[in-house]
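Work through the exercises below with the model open. Each task is followed by its solution.

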Amino acid sequence: MFKKVPNLGIGIGLRPIHFREIFATWPSIDWFEIISENFMGGGMPLRNLEKILERYPVVMHGVTLAIGSAAPLDWDYLKKLKALAVKTKTPWLSDHLSWGRLPGMRFHDLLPLPRKKEVVNYVAERARIVQDYLEIPFALENLSSYANFADDEMSESQFYREIVEKADISMMLDVNNIYVSCRNEGYDPKEYYSNLPLNRVIQIHLAGHTDHGRYIVDTHDHPVADAVWEIYKEVYRQTEGVSTLLEWDDQFISFEKTWEEALKAKQFQKDMIYA
Amino acid sequence: MPKRLSQIPASLEAMQQWFARLITSPIVETDGDQIPTFSPDVILDIRNKIAPSPTLKSEERFGIYQQQYWWRLISVMQDLFPTLVSIFDYEEFNRLIAEPYLASHIPHDWFISNIGAELPDWLMTTSIKNKRLLKELALLDLAYEQLLFANILPPPKAAKYETETLYLQPFVLLFEMTSDLFSLRMEILKEKKLPLKKERRKTYMVLYRLHEESLFEELDPIVFKLLLRLQKGACLNELIPLLEKCEDVSSLFQTISSRGWLTQKPTIDR
């Protein structure tokens, strides 16, 4: 059942490149998000995470669940995921509204789903099973889409809405992905988010993208674009305040600069209060 | 636990099979935006399934997914095999190794670091020069990666040393080689080329983690045999014949103990 969760404040996506600086300075960060799969293999990454867990709240975000895949749910993967969730005490867990798996194959990419009623039913049923199994709130993240299918029956936002409502799960709303999908498909971001049940959002992702002119790619290697901050302001206000996280995954800048970029969200939040 | 789900929509499965077949096929050519291009019959097929956007044709939109799939996996392969990248440089590594390997080995594991697991054996099926040496170096690259994810198991209780079965920790890996390929690997990573052939001699090496660093050293053949026995599991009484051949048993055990190499939990199948 969909549940409200605490607002953890502003966080950063924890990446291996950050460990040295974090362990040296223990910066004052509200919380970290981890890519679940980076720590499910054990070893040094997990030992580093254990040190982080002593001082910061950590939320898990996965990339290989493949909720919309035509392959059966991977229960070995889910068992490992749940074991890590117990260790991290993550207050919720998220993955993407995508597919990337077939029997015997893993594509390590977030691939788009046909926006059809029968797919809504199929994905919603699987999402509900995952949430029941994990025993914590489960959220699906909207994709950055580069293509949609010729026989789609609905828009991306309607597809997203119908799945989270039917599954009765939460939303992990990536506002950069809204911008990327809208630019690539040629529609208005406002129309996109106005169509969403924003009361279900438990976390917001912010990130940068690469603009190739005719299309844009969700690269997480630039500062957040002004147009994305505009979407953030609107969406954040309507959620009545949820945890916000900056993802930065390539062309890394210093930890301090990354945190400064994330903190811009705090300024936007203050501006909203005084507006 | 697993619950019986409704049937998978047939059209979803068919679409995913089609999508997978196309994105995993090698990129032949790209346009000015580095988007892969396709043959006329494939373009027709894509246009039947993917909608165009105001700025891109159907095949261009689909091509972004193919581009992303290949770029991601090739970049992981470059990270996994730094020694091979140093020998060939990036472009040649991609062309000769990463692309043909990935074309015939679609990933099947959620753990992305496992995508190169079959590369050493695959190298032997190619006509690449020095493939035997390249295979050995690829195995070393994978061993370094494996060590990053090796767990540290609890140390054995001293009182039980003599009678309980002891095992080598998962972060200690043993190698029997025809020359010191670890030093050669270091040289390649530094010089960015394959050095002249080294003298061949039977060499015993250990690669291990200490204070979150990966270190290697050459071992005396008797010590190697001893550690190999411990890798399979042995109690000290069983090791006496080998220990008697060691030059300085107390110093050996001091080293093993200070590096925390032993555990009582099995680390590999006996």
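**Exercise 1. Find the strand that pairs with β9(A) and state the direction.**

Solution. Strand β9 (residues 201-206) of chain A is joined to β12(A) by four bridges, and the two run parallel. Strands here are DSSP E runs of at least two residues, helices H or I runs of at least four, numbered from the N terminus. Pairing takes at least two DSSP bridges between two strands. Within β12(A), Leu246(A) is the bridge partner of Leu206(A). Next, strand β1 (residues 10-13) of chain A: three bridges join β1 to β12(A), again parallel. Here Gly11(A) partners Leu245(A).

This is a predicted model; local features need pLDDT of at least 70, side-chain atom pairs 80 or more, while totals for chains, interfaces and linings use all residues. Residues are numbered from 1 along each chain as written, chains are lettered from A and ligands numbered from 1 in written order, and side-chain values use heavy atoms, without hydrogens and water.

**Exercise 2. Sort the side chains of β12(A) by direction.**

Solution. In a regular strand, side chains alternate between the two faces of the sheet. In strand β12 (residues 243-246), Ser243(A) and Leu245(A) point one way. Thr244(A) and Leu246(A) point the other way.

**Exercise 3. Locate the buried residues of α8(A).**

Solution. Helix α8 spans residues 226-239 of chain A. Its buried residues include Trp229(A), Tyr232(A) and Tyr236(A).

Technical notes: Expected span 1.5 Å × (residues − 1). Buried < 20%, exposed > 50% of the residue type's maximum accessible area, 1.4 Å probe, protein only.
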